Amino acid sequence: MKSSIYIREYYATTEPRNNKSKKNIILFHDIGGGHYTFENLIPLMNDEGINVVTFDYLGHGLSSGTRGHFESIEQIKGFLTELHTSSQIAQSEEVYTLSINQGALVALYYATLFENVAGNIFINPRLRVELDKKFSTDLFKSIPLPISKLQLNLRKQSSDLTANGFITKKSLITLNKLLKKVQLDIYFMKCRNLIFSSDRNSIIFETLMSEFHDEVEVPEMNSIKMIKKQDIIFKETYNWLYEN
């Protein structure tokens with residue numbers, strides 16, 4: 001059966017150092033972004049014995065669905081379940097999530113759904129999706145025409161912070177409902193957590209802070225600069241995965 005979401009698996013090209021077992025990571029892009037966010041990070045992981053799976057949320061990137069639209073929490077659960085059942089890496093005995101900005105909310109929800117998630121890595125997590133007041137309600141409509149290659153290239157070059165002009169108003173409502181659900185479910189998880197942040201204010205869900213065990217401060221980091229600091233992110237992630 002053809003998958004409704006774009007999924008791609010990247011298997012490690014070498015064995016980890018010191019004869020340690022391979023790790024498995026699922027990458028969660030930002031709301032309004034796509035799998036391309038991590039295209040520079042994946043080779044670093046594969047070269048050091050880490051298997052990686054990347055995908056596009058329903059309504060994002062190369063996945064099907066109405067552009068930028070989440071209809072309900074059940075729909076989000078549906079494509080996360082599809083990811084889990086369609087990916088051999090995601091079904092590994094032990095898997096980690098790595099997410100950026102509002103993608104942290106989707107990753108946390110995934111971690112509450114599947115018991116094989118051993119830990120979460122967050123890059124500048126922003127768990128609440130805020131409505132940009134400069135946009136009117138009329139702008140929250142689906143894009144009716146197919147995305148052209150030019151549009152896709154421009155989107156790749158732009159910031160993948162939450163794009164209120166890209167996602168629908170219903171998506172914002174759904175994501176904020178999801179936050180409330182995650183707030184209740186998060187305390188039942190038994191996961192290790194690593195957070196990269198340039199600003200503690202980016203962690204809007206402050207009650208979650210008690211669940212974090214490790215934090216790495218990366219000055220002046222945002223979605224675009226994250227790509228330039230991939231070496232820092234990879235080094236700290238590798239050490240955290242294998243030395244803790």
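How many of the six residues of strand β2 (residues 23-28) are buried?

Reply: Some ground rules come first. This is a predicted model, in which local features need pLDDT of at least 70, side-chain atom pairs count only at pLDDT 80 or more, and totals for chains, interfaces and linings use all residues. Residues are numbered from 1 along each chain as its sequence is written, and side-chain values use heavy atoms, with hydrogens and water left out.

Now the strand. Six of the six residues of β2 are buried, so β2 is largely enclosed by the rest of the structure. Buried means under 20% relative accessible area; exposed means over 50%, and partly exposed lies in between (1.4 Å probe, protein chains only). Strands here are DSSP runs of E with at least two residues; helices are runs of H or I with at least four, and both are numbered from the N terminus.

Next, look at the side chains. In a regular strand they alternate between the two faces of the sheet. In β2, Lys-23, Ile-25 and Leu-27 point one way. Asn-24, Ile-26 and Phe-28 point the other way. Both sets are buried.

Then come the neighbours. Two strands pair if DSSP finds at least two bridges between them. β2 pairs with strand β3 (residues 50-55) in the parallel sense, over five bridges. Here Lys-23 has Ile-50 of β3 as its bridge partner. β2 also pairs with strand β4 (residues 95-100), again in the parallel sense, over four bridges.

Step back to the whole chain. The protein has seven helices and seven strands. From the N terminus on, the elements run β-β-α-β-α-β-α-β-α-α-β-β-α-α. Of the 244 residues, 50% are buried. Contact means heavy atoms within 4.5 Å. Among contacts with a separation of 6 or more, 75% are between residues 24 or more positions apart.

In helix α5 (residues 169-185), the buried residues are Ser-171, Leu-172, Thr-174, Leu-175, Leu-178, Leu-179 and Val-182. They cover an arc of only 160° around the axis, which puts them on the same side of α5. That arc is taken from the directions from the helix axis to the C-beta atoms. On the other side of α5, Lys-177, Lys-180 and Leu-184 are exposed. The cover over the buried residues of α5 includes α2 (73-86) and α3 (103-113).
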